Amino acid sequence: MFRLIRYRMLQIVREKGLIFWGLCFPIILGTFFYLAFGSLGTENFEQVPTALVSVSENQSFSEYLRELDGGLLALSPMNSEEALQALEDGSVSGVFYESEEPSLTVAGSGMDETILSSLLEDYSRNAALLSEIAASQPEKLPDALEALSGYRSYTEETSFGGKTYDNTLEYFFALVAMACFYGTFLGATLGNDNSAAFSALGARRAIAPVSKTKMILADMAAGVAIHFASILLLLLYLRLALGIVFSGSPGLILLICFLGSLSGISLGALFGASRLKEGFQTLLSVVVPLVLCFLAGLMAAGVRQLVEQYAPIINRINPAALICDSLYNLTVYENPVRLAVDLLSLAAICLALTLFACLRMRRIRYDSI
């Protein structure tokens, strides 16, 4: 058995077309993804340049801005003329005026200006609260002042599990799913090689004095081993060369990729063992993975969520969507229950495809060759 697997693996690695579609094409596509938008969600936040003009003393407002200086703000004390000139030149995004009633002057309506306006509004709300506390419960004023002095206003987009979420990861989840299902090319070849109607090798194998079941199992084992190795190389390339990190348990990531790889090989073998013409088999091997991966979000992020909203049953039976959702639940959302459901669904689909493919290849018989 192991000798059959070894020889079959040697035959597979000599097929340059299969290696290209299973390994090289996903790496090339992943590189283009990275060049196009791989760093969209990882920009470093820049401090908002801001001028401060002291009109009259307001210690609480001054302390409030000092707490933000060096973090959210890059604060520069100036006189009124210098501040307005800097605002006109664009070297600062806004000018805070320290007085009994603090104010803000901006020259635009962009993100920086919105942040500065929000900071002033937050201070005004807190100042009103302090006045109310001083009037109604003066004994609690020191505690309120201490809380206000430690105030911070930093926000970060994060998942419920506490991990920063970069929505471009969805493209790379779908890329891994596509790589898994491009194993259909290899699977179709394995199916054809067990059919005398499609290849001379299939004819020789049909009359070989070797158990049909043993040959099919050796083919599937060799095909899955080669394709799974290609998926591992893709993951290493994403991690080491492109810096795309799939966090979470490495064992579960490998399990997801293994099930996806086995599903792709089995689906292709099912095509190859059919009575369809070889050209139509190739068409199915191209179109079916593309459709599955499109619905999983390969071409446009958010498609999987739209399908979930309007036709959730498709996501339950689409193995590419299950791969993406499993990776999402493992690396971002950290929902073990949903992850377990996805893995069980993917395993069931994988088992069904594998059984159908093996039974179909085993039942091929000829009256004469």
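Buried residues are those with under 20% relative accessible area, exposed residues those with over 50%, and partly exposed residues those in between, using a 1.4 Å probe and protein chains only. The model is predicted, so local features need pLDDT of at least 70 and side-chain atom pairs count only at pLDDT 80 or more, whereas totals for chains, interfaces and linings use all residues. Residues are numbered from 1 along each chain as its sequence is written, and side-chain values use heavy atoms, with hydrogens and water left out.

The structure holds four salt bridges, a salt bridge being a side-chain nitrogen of Lys or Arg within 4 Å of a carboxyl oxygen of Asp or Glu. In one of them, the side chains of Arg316 and Glu308 meet at 2.6 Å, N to O. Glu308 is partly exposed, because its relative accessible area is 30%, and Arg316 is partly exposed because its relative accessible area is 41%.

Another salt bridge joins the side chains of Asp219 and Arg8 at 2.7 Å, N to O. This pair links distant parts of the chain, with Asp219 in helix 10 and Arg8 in helix 1 (residues 2–13), 211 residues apart. Helices are DSSP runs (H or I, at least four residues), as are strands (E, at least two), and they are numbered from the N terminus. Both Asp219 and Arg8 are buried.

The side chains of Asp325 and Arg304 also meet in a salt bridge, at 2.9 Å, N to O. Asp325 belongs to helix 15 (residues 319–333) and Arg304 to helix 13 (residues 303–310); the pair is 21 residues apart and links distant parts of the chain. Asp325 counts as buried because its relative accessibility is 7%, and Arg304 is buried because its relative accessible area is 8%. A network of salt bridges links Arg304, Asp325 and Arg338.

Asp342 lies in helix 16 (residues 336–362). Asp342 is buried yet has no salt bridge, and Arg338, the nearest side chain of opposite charge, is 4.5 Å away. In assigning charge, Lys and Arg count as positive and Asp and Glu as negative, while His and the chain ends are not counted. Neighbours within four places in sequence left aside, Asp342 is in contact (heavy atoms within 4.5 Å) with Leu322, Asp325, Ser326 and Asn329.

One cavity of 30 Å³ or more is present in the structure. A cavity is a set of points, on a 1 Å grid over the protein atoms alone, where a 1.4 Å probe fits but cannot get out; lining residues have an atom within 4 Å of a point. The largest cavity has a volume of about 70 Å³, a volume being the space filled by probe spheres set on the points, with grid points joined across faces, edges and corners. Its lining includes Ile12, Tyr182, Phe185 and His227. Helix 2 (16–37), helix 8 (184–192) and helix 10 (212–241) are the elements that give two or more residues to this lining. The lining residues divide into seven nonpolar, four polar and no charged; Ala, Val, Leu, Ile, Met, Phe, Trp, Tyr, Cys and Pro count as nonpolar, Asp, Glu, Lys and Arg as charged, and the others, Gly among them, as polar.

Helix 8 is mostly covered, with eight of its nine residues buried. Among the buried residues of helix 8 are Thr184, Phe185 and Leu186. Thr184 is in contact with Pro289, a residue of helix 12 (residues 278–295). Pro289 is buried because its relative accessible area is 0%.

Methods. 1 Å grid on protein atoms, 1.4 Å probe; cavity = no way out; pocket = protein on both sides within 12 Å on 5 of 7 lines; lining within 4 Å.
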